[in-house]
Amino acid sequence: LEDFDSCRGTLSDWKQADCVAAGIDLGGRDDLAAYALVARFTTGEYNSDDTPIYRYEAKTFSYIARNSKRDLTAIPFCDWIANGLIKVTDSPITDLQHDFVNAYWENFCVDTAIDPYQAQQFGEQVSQQGVVIATMAQTTAHFNEPISDFRQAMADGRFKHDGNPLLRWCLTNAVAVRDRQDRWMLDKSNSSSKIDPLVAMLMAYRRAMVAPGRGDGNVFIT
């Protein structure tokens, strides 16, 4: 959490990003639904194996049903709603889908990670609007690498967020566990409260990690 707090700052111009990727976590009936965008930037530095070292920036966007069983007039939810960090709507998934597709094209996203067991229909619908889908089941096999890299990027100061207190709250709620092969995963069942925006952010982070770099050569049209 200390590393996360130290990464707060003004975000860069994402038009200069090496790539932007997205992640979706639709949550459950009374959960938050969220999408996240993660931008990757080159640092000009390289690892010993000549692979580039990147830095990352993230934004998250959250939605909740108006008839949720959660008391939306209680703190801190009422503050987050008042500040526009959570959109209260009769149809959170529908509104999320509309806003997400617009954000996807505005930010020239490379693709979007979804959980195939949770958001298959959502993926099919946005695919019809040109969104590129990458399936990412919520298992240690898919989350170990982004969790490990995210923790290291925070420690190295190579991650930046805009100070979203909802995302910070999710981080305080999260419980990370390891399997027998020493691989990381977030445990939703044992987390103290909602972590959906954080899960969406890690999904987007993973897609940004593996995205091909933007071409930097000259283009000639004949």
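The sections below treat the basis of the values, then the individual pairs and a network.

## Basis of the values

The model is predicted, so that local features need pLDDT of at least 70 and side-chain atom pairs count only at pLDDT 80 or more, while totals for chains, interfaces and linings use all residues. Residues are numbered from 1 along each chain as its sequence is written, and side-chain values use heavy atoms, with hydrogens and water left out.

## Salt bridges across the structure

A search of the whole structure finds 11 salt bridges, where the term stands for a side-chain nitrogen of Lys or Arg within 4 Å of a carboxyl oxygen of Asp or Glu. Among the residues involved, Lys-87, Asp-95 and Asp-99 are joined in a network of such contacts.

## A bridge between distant parts of the chain

Arg-207 and Asp-111 form a salt bridge through their side chains, at 2.9 Å from N to O. This pair links distant parts of the chain, 96 residues apart, with Arg-207 in helix H7 (residues 196-210) and Asp-111 in the loop between helix H3 (92-106) and strand S5 (112-114); helices (H or I, at least four residues) and strands (E, at least two) are DSSP runs, numbered from the N terminus.

Asp-111 has 10% relative accessibility and counts as buried, a term that means under 20% relative accessible area, with exposed being over 50% and partly exposed in between (1.4 Å probe, protein chains only).

## Two further pairs

Glu-57 and Arg-55 meet in a salt bridge of 2.8 Å, N to O; Glu-57 is buried at a relative accessible area of 0%, whereas Arg-55, at 25%, is partly exposed.

In the salt bridge of Asp-182 with Arg-178, the closest N and O atoms are 3.2 Å apart. Asp-182 is partly exposed at 47% relative accessibility, and Arg-178 is partly exposed with a relative accessible area of 47%.
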